[in-house]
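Biologist: I'm new to this one. Can you put it on screen and walk me through some residues?

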Amino acid sequence: MGFAISVSTAIILVGTLLVFSFSYPTISTSYEKVREANQEEHLRMMKQLKTSIEVQDKDGNTVYVLQPPRTYYLYNSGEYTIDLDKVIVLDDGIYTTTRIFDASTHYLYPGGKVKLHLGGLEGNIKIITDCGASVTVEVT
């Protein structure tokens, strides 16, 4: 009877080791993918936290109400470069394909300004960067 229990215990132990050896690579790969995703999320959140934009007039004053004949600039007051090709513009909450920057300008570097072209836009305009930082202004 003792021999049968020892054999049964050995079979269960070997089975457990086999199951573990077959499932370990899958578990390890899954863990690595979750860890990498968490790191990427952390970097995205830090980028959003350290990205800031403002709309300024020609004198460098931050403004929230724009009057179109005047000249206004989008100012990057954050730490990251903004890809202007990935900026989203909402006109009263509706996505618009209106290009509000010069076609030759693709990046807005920290501390830099780019001229805004507000032709055809009216109401509340929300400018959103690719990492989620945004500014809302009213065009009168």
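**Walking through the model**

Modeller: Let's start with Tyr-31, which sits in helix α1. Helices here are DSSP runs of H or I with at least four residues, strands are runs of E with at least two, and both are numbered from the N terminus. This is a predicted model: local features need pLDDT of at least 70, side-chain atom pairs count only at pLDDT 80 or more, and totals for chains, interfaces and linings use all residues. Residues are numbered from 1 along each chain as its sequence is written, and side-chain values use heavy atoms, with hydrogens and water left out.

Biologist: Is Tyr-31 buried or exposed?

Modeller: Exposed, with a relative accessible area of 53% for Tyr-31. Buried means under 20% relative accessible area, exposed means over 50%, and partly exposed is in between (1.4 Å probe, protein chains only).

Biologist: And how many Å separate the C-alpha atoms of Tyr-31 and Asp-130?

Modeller: 28 Å, with the two residues 99 residues apart along the chain.

Biologist: Where is Val-14?

Modeller: In helix α1, which spans residues 2–49. Val-14 is partly exposed, at 47% relative accessible area.

Biologist: New topic. How many salt bridges does the structure hold?

Modeller: Two. A salt bridge is a side-chain nitrogen of Lys or Arg within 4 Å of a carboxyl oxygen of Asp or Glu. One of them joins Arg-35 and Glu-32, with the closest N and O atoms 2.7 Å apart.

Biologist: How are Arg-35 and Glu-32 placed in helix α1?

Modeller: They are three residues apart, so about one helical turn separates them. Arg-35 is partly exposed at 34%. Glu-32 is partly exposed too, at 29%.

Biologist: Which residue forms a salt bridge with Asp-85?

Modeller: Arg-99, and the closest N and O atoms are 3.4 Å apart. Asp-85 lies in the loop between β4 (82–83) and β5, and Arg-99 in the loop between β6 and β7 (107–108), so the pair ties together parts that are 14 residues apart in sequence. Asp-85 is partly exposed at 46%, and Arg-99 is partly exposed at 34%.

Biologist: Which backbone nitrogen does the Asp-57 side chain reach?

Modeller: That of Asn-61, at 2.8 Å. Leaving aside neighbours within four places in sequence, Asp-57 also contacts Val-63, Thr-71, Tyr-72 and Tyr-73. Contact means heavy atoms within 4.5 Å.

Biologist: How accessible is Asp-92, and what does it count as?

Modeller: Its relative accessibility is 48%, so Asp-92 counts as partly exposed.

Biologist: Another loop, then. Where does Thr-129 lie?

Modeller: Between β9 (123–128) and β10 (134–139), in the loop. Thr-129 counts as buried because its relative accessibility is 4%. Not counting residues up to four places away in sequence, Thr-129 touches Thr-51, Ile-53, Ile-82 and Val-87.

Biologist: Last one. Which strand holds Tyr-75?

Modeller: Strand β3. Tyr-75 is partly exposed, at 21% relative accessible area. Beyond neighbours within four places in sequence, its contacts include Ser-52, Ile-53, Leu-108 and Lys-113. Tyr-75 and Ser-134 are 59 residues apart in sequence and 12 Å apart in space, C-alpha to C-alpha.

Note on methods: Polar contact = N/O pair within 3.5 Å; in protein donor to acceptor, adjacent residues only side chain to side chain.
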